[in-house]
There are 2 protein chains.
Amino acid sequence: MPDTTTAPVANIADFKFLEDVKVVDFTQFEAGTTCTEALAWMGADVVKVENPKLGDPGRRLRPGQPDDDPYYFHVFNANKKSIAVNLKSEQGLALVKDMIRGADVMVENFAPGAIERLGLSYEVVKEINPGIIYAQIKGFGEGSPYEKNLAFDMIAQAAGGTFSVTGEADGPPTRPGISIGDTGTGMVMAFTIVSALNKRKETGEGHHLQVAMQDAILHYMRTNFATTGRTGKPAGRAGSKIADTQSAPKGLFPCAPGGSNDYVYISTSAANPEHWNRLLKVVGREDLIGDERYLTPRDRVANEAEVDEIVSNWTRTQSKYDAMEKIGQEGIPVGPVLDTMELNNDVTFEQRGIMQTMVHPQHEPFKMPTWPVRVDGRPTRVEPSPMLGQHTDDVLRDWLTLDGETVAELKKDGAVK
Amino acid sequence: MPDTTTAPVANIADFKFLEDVKVVDFTQFEAGTTCTEALAWMGADVVKVENPKLGDPGRRLRPGQPDDDPYYFHVFNANKKSIAVNLKSEQGLALVKDMIRGADVMVENFAPGAIERLGLSYEVVKEINPGIIYAQIKGFGEGSPYEKNLAFDMIAQAAGGTFSVTGEADGPPTRPGISIGDTGTGMVMAFTIVSALNKRKETGEGHHLQVAMQDAILHYMRTNFATTGRTGKPAGRAGSKIADTQSAPKGLFPCAPGGSNDYVYISTSAANPEHWNRLLKVVGREDLIGDERYLTPRDRVANEAEVDEIVSNWTRTQSKYDAMEKIGQEGIPVGPVLDTMELNNDVTFEQRGIMQTMVHPQHEPFKMPTWPVRVDGRPTRVEPSPMLGQHTDDVLRDWLTLDGETVAELKKDGAVK
């Protein structure tokens with residue numbers, strides 16, 4: 001089991017890859033916020049434009065109940081600023097247009113048609129700033145029969161195929177427990193935005209970028225589409241096995257003390273015959289080396305239930321950490337099933353800066369995953385998610401050079417807060 | 001059911017956002033190839049450096065068996081070039097170093113230590129080209145107790161937490177059927193690379209980028225970590241339901257004719273009381289509007305089994321497409337569970353260019369998902385995955401200005417093929 005007692009501070013940096021990039025951020029919930037948070041991790045100046053009343057609905061997932069969940073907002077809005085603007089007021093809308101005039105990127109993921117009704121369609125915005133990268137994230141694509149439909153992550157995942165390949169072979173389709181419809185979509189858009197910025201340095205040209213969550217999921221389903229290419233059939237589901245596998249043992253094996261996540265995944269390779277022999281040694285069954293029932297990967301697939309039992313008889317006597325260590329050091333691909341608490345308690349993530357504690361002026365300190373890529377050996381620093389309107393004054397001063405008096409006037413008029 | 005009879009050609013473009021970017025690509029299988037394919041979709045000049053014998057092992061997942069699966073390689077290597085170089089030969093290694101000298105990016109995802117043993121560690125490469133963005137993808141991070149371990153997608157997913165949140169509440173942890181450990185990791189790296197390139201246009205400075213698949217998965221698990229922040233407990237699994245939901249009905253509902261993927265996902269919102277009343281109308285149970293047993297979201301969660309039965313009694317009489325249409329047009333979030341064949345057969349993806357047919361000189365035409373983001377209304381064009389060494393001559397001429405005679409000599413010496 002990993003050491004959970006000490007957490008030396010990682011050598012953290014502030015990534016400045018996008019420090020010259022200004023982003024006007026109209027995103028909410030997860031898909032859009034993921035996109036702009038990625039830009040913020042890279043050092044972009046990301047300003048969330050929020051309504052002064054409640055802000056991003058992701059700030060409070062349970063309206064009317066005590067606000068015990070700032071965590072959801074934290075994980076999608078680290079390192080951003082917030083300005084509270086009433087877009088329904090003429091002055092508020094004019095201010096936002098001024099921000100757009102000086103911005104490099106605008107991102108939104110409102111319901112279909114909403115940004116246009118606010119008076120900030122691409123046609124309007126490109127008149128204000130022809131060089132802007134204008135990015136829209138929706139549930140379904142323009143031209144899809146469902147283009148006007150609302151979508152949340154699980155809707156897009158169902159319609160994008162992930163449910164159909166997840167779950168037991170004889171059971172119902174199952175939701176993958178991660179919001180790939182949201183974060184996965186945010187990532188393809190963030191990548192396209194920065195690619196567009198790369199070209200814009202030369203041409204100065206703006207672009208209109210659009211992605212649908214259903215479409216983005218197909219990108220994460222490419223292995224499954226390859227399977228369909230080969231078989232001519234829908235890609236199936238097989239619990240934790242790989243459907244149509246070429247090798248055994250491959251799958252989950254139960255460990256001590258038998259808790260709901262006490263398993264290791266072992267994946268012996270069809271291409272490396274030594275994996276099986278080495279595994280037999282680890283599990284104390286050298287007597288089966290050379291046994292014809294289990295000689296080739298094909299033999300082992302044919303006798304998979306027996307093979308799995310041979311391995312399980314040993315894994316049941318080991319903690320998942322011990323099993324991982326003993327199998328892994330023999331060069332056999334293996335991993336323990338870890339849950340979010342176990343990952344939280346593994347101090348090596350903090351030592352490496354992959355998890356950091358967000359220190360927030362209002363909420364409890366919160367340890368969370370940060371940007372996973374290290375640059376020159378260092379992770380990027382987490383900064384707190386913004387309070388609603390926390391940076392209204394700063395942004396009006398720094399982006400629009402408004403003086404304190406003007407800002408006070410705007411607040412009195414209810415244009416900003 | 002969507003129209004499957006006609007497929008007008010989408011208005012396809014060639015994205016040129018990264019046309020000035022040269023990538024030396026040492027990637028294989030999925031995580032690395034996803035990263036460089038993303039760069040290729042954006043127009044980068046991506047050259048896969050492959051060993052002349054077999055190339056990327058992703059070209060043939062079943063060694064020794066007939067090569068009936070080019071699809072796996074296609075989906076991860078569209079729009080790239082291939083040069084076949086013997087890195088064990090002095091001449092071959094020197095050639096690759098010459099390519100690196102003129103490149104902007106180098107990416108590799110070999111097993112831990114392998115690229116260093118080949119003589120192409122970051123220390124060596126930055127001597128050759130101090131401005132290069134040098135990107136490495138591994139299973140586990142430097143400083144992790146498992147840093148030397150091999151990892152495939154399912155290993156990284158188990159150790160990154162996705163299994164622990166997928167599956168039935170009372171069942172074992174379950175593999176999400178998508179290779180998020182691979183494609184998800186490739187995406188965070190591709191995004192960081194283009195961000196680094198953005199800065200480099202100013203500074204000329206190179207960087208060493210590193211990501212681990214286990215770490216990258218935490219990024220896709222942020223919602224689950226937020227849950228743990230709130231509850232202090234591991235995020236759980238709940239089949240296709242959302243654990244600790246605030247609203248019902250929310251989940252999968254069975255449709256006619258009862259096939260293994262004949263379901264719709266319906267997600268009524270706690271914040272919009274009209275969803276339930278409208279749904280009652282759709283399912284022909286206006287008589288229950290105002291019924292106290294189901295009045296508030298909390299009431300419906302308390303009586304979820306009854307609520308689900310009320311809705312299921314109707315959905316069982318509908319195809320998933322009909323259910324989607326009838327529920328969706330009332331503004332209620334809903335999506336059918338679609339499998340890869342159904343998605344393949346839905347011609348609207350082709351009409352929009354989200355799926356395109358790869359026409360390959362050697363293999364059958366293959367319809368596959370392409371880059372999901374549209375630019376100015378247009379998708380980017382798919383080009384065939386390269387045959388092994390297909391571009392050896394072109395690359396040696398275009399990148400290194402070698403003449404035909406020199407290339408012939410190199411081939412004779414076995415340095416390239």
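This is a predicted model: local features need pLDDT of at least 70, side-chain atom pairs count only at pLDDT 80 or more; totals for chains, interfaces and linings use all residues.
## A link between the chains

Which residue of β12(B) is the bridge partner of A:Q210? That partner is B:R374.

Now step back to the whole contact. Chain A gives 116 residues to it, and chain B gives 116 residues. On the side of chain A that touches chain B, the largest share comes from helix α7 (residues 180–203), with 16 residues. What kinds of residues make up this side of chain A? There are 63 nonpolar, 37 polar and 16 charged residues.

## A covered strand

Next, find strand β1 of chain A, residues 22–26. Five of its five residues are buried, so by the cut-off of 20 or more other C-beta atoms within 10 Å, the strand is mostly covered.

In a regular strand, side chains alternate between the two faces of the sheet. Are the faces of β1(A) covered or open? Both are covered: A:K22, A:V24 and A:F26 are buried on one side, and A:V23 and A:D25 are buried on the other.

## The neighbours of β1(A)

β1(A) pairs with strand β2 of chain A (residues 45–50) in the parallel sense, over four bridges. Here A:K22 has A:D45 as its bridge partner.

Look for A:D25, which stands opposite A:V107 in β4(A).

Key. Residues are numbered from 1 along each chain as its sequence is written. Chains are lettered from A and ligands numbered from 1 in the order in which they are written. A residue is buried if 20 or more other C-beta atoms lie within 10 Å of its own, exposed if 12 or fewer, and partly exposed in between; C-beta atoms are placed from the backbone. Helices (H or I, at least four residues) and strands (E, at least two) are DSSP runs, numbered from the N terminus. Two strands pair if DSSP finds at least two bridges between them. Two residues are in contact if their C-beta atoms, placed from the backbone, lie within 7 Å. Ala, Val, Leu, Ile, Met, Phe, Trp, Tyr, Cys and Pro count as nonpolar, Asp, Glu, Lys and Arg as charged, and the others, Gly among them, as polar.
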